[in-house]
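Trainee: I'd like to go through the labels on this one and hear what stands behind them. Can we take them one at a time?

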Amino acid sequence: MFKKIKIPLLATLAIILIFFFQSMYLVKLVSKDLVNKDIAELISFSKDLEKDFEKINFKSTLIYQYAILDNNSRVIISNLKQIPPNFNFQILTYKSYVFYKHFFIYKGELIYVVTSKKIEYGQLVFLTVLILFSIIMAISLIIYFMYLSIVKPHLEQKKMMNIFFNDAMHELKTPLGVASINLEMLDVKTKHTHRIKSALKQMKITYEDVEYYIKNRQVDFPKINLNLSNFLKDRIKFLSTIAHSKNMEIISNIEDSLCIYMSEIEATRLIDNNISNAIKYSDVSSKIIVTLKKDRGYAVFTIKDFGKGIKDPKNIWNRYTREDVSLGGFGLGLNIVLNICLKYNISYKVDSDYGKGSTFVYKIPLYTDKFLDKVI
């Protein structure tokens, strides 16, 4: 899903950034315009002071402040609420006040008039809030429409997929069980019953993959001290029926007494998916080599086949990915394996030579006794 929304997200981010910088530029222009208007008012006020200089002691205003300086810049009269750091300026903006310095000749003496006005940022604050609100609204609308056009359909599709899987599980479970039981009761061993048994086991693996896919986020499968060596031998025995239906041989080299801490269900998914894939994608009458050996603190589980190989080894771990659609399946197997590896800190890798075969290697941490285990 991220790939679908990546371009819209980047486009949205670009639009928001453009809108933001344009807005900041507009705020800057408005701020500059406010200061320029204040300066124009101060210039006018300074001229009024010059005209009424005789009555300057009686002049008062709530908007403007002023100071009269002599030719040495000493303050004669002042009602400035904010004193500038110095008087060496003509126009100055300082601590939310704008100052304007003007001079004239009075009775042969040089007089300086400094006028001041507090900058009213109300308009600027209103504009800033309006821009911020507009940005928030724009982002909200974009996210909402993105949700409607991309995320919601994806969630609905996922919901429908889960409903489909649940319905499929319900419909498959009973007939699969009935077919398996009745095949065992027939106690007839021919090439035809062998093929039926192989097909039923393949269906069982697919069924268990889907069941695990549905339940793994809701169910915490109990972990046990699992003898992986014996468990792997049992799984190979179970899967050999499928291999024999293609006249294939599973060659195993399993070191004894290697134990891991994992649930049986997840260990089954890890082993069955890898070996069944090796069978599925290998040529008739070929071999599959399964090895399990100890390497320091790990049990190294390796499956090597001599089949078609893999075109894109990185892509096979993605959900619903199938190298060969004609061979069926839901494309869940290796994605389930990947999630199990991440859950149990199992390192994994695949080496594939397209047209010649593939080798999957998993390094599973070995089980180590804890103090409480020994006490119990």
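Trainee: Why is S358 called buried?

Mentor: Buried means under 20% relative accessible area, exposed over 50%, and partly exposed in between, with a 1.4 Å probe and protein chains only as cover. S358 has 4% relative accessibility, so it counts as buried. Keep in mind that this is a predicted model: local features need pLDDT of at least 70, side-chain atom pairs count only at pLDDT 80 or more, and totals for chains, interfaces and linings use all residues. Residues are numbered from 1 along each chain as its sequence is written, and side-chain values use heavy atoms, with hydrogens and water left out.

Trainee: Where does S358 sit, and which residues does it touch?

Mentor: S358 lies in strand 12, residues 357–365. Strands here are DSSP runs of E with at least two residues, helices are runs of H or I with at least four, and both are numbered from the N terminus. Contact means heavy atoms within 4.5 Å. Not counting residues up to four places away in sequence, S358 touches I303, K304, D305, G309, I310, D351 and S352.

Trainee: What makes the pair of S358 and S352 a polar contact?

Mentor: The definition asks for a pair of N or O atoms within 3.5 Å; within protein, one must be able to donate a hydrogen and the other to accept it, and residues adjacent in sequence count only if both atoms are side-chain atoms. The side chains of S358 and S352 make theirs at 2.9 Å.

Trainee: What makes E266 and K343 a salt bridge?

Mentor: A salt bridge is a side-chain nitrogen of Lys or Arg within 4 Å of a carboxyl oxygen of Asp or Glu. The closest N and O atoms of E266 and K343 are 2.8 Å apart. E266 lies in helix 5 (residues 264–280) and K343 in helix 6 (residues 333–343), so the pair ties together parts that are 77 residues apart in sequence. As for cover, E266 is buried at 0% relative accessibility, while K343 is partly exposed at 40%.

Trainee: How many salt bridges are there in the structure?

Mentor: It holds 9 salt bridges. One of them joins K233 and D256, with the closest N and O atoms 3.0 Å apart. That pair links distant parts of the chain: K233 is in helix 4, and D256 is in the loop between strand 7 (249–254) and strand 8 (259–262), 23 residues away. K223 and D220 also form a salt bridge, at 3.8 Å. In that pair K223 is partly exposed at 32%, and D220 is exposed at 61%. There's a network as well, linking D38, E41 and K117.

Trainee: What makes a nonpolar core, and which residues have the most contacts inside the largest one?

Mentor: A nonpolar core is a set of buried Ala, Val, Leu, Ile, Met, Phe, Trp, Tyr and Cys residues joined through side-chain atoms within 4.5 Å. The largest has 50 residues, and those with the most contacts inside it are L232, I275, F301, W317, F360, Y362 and I364. Helix 4 (residues 228–245) gives the most to this core, with 8 residues. Apart from it lies another core, of 15 residues, among them V35, L42, F53 and V98.
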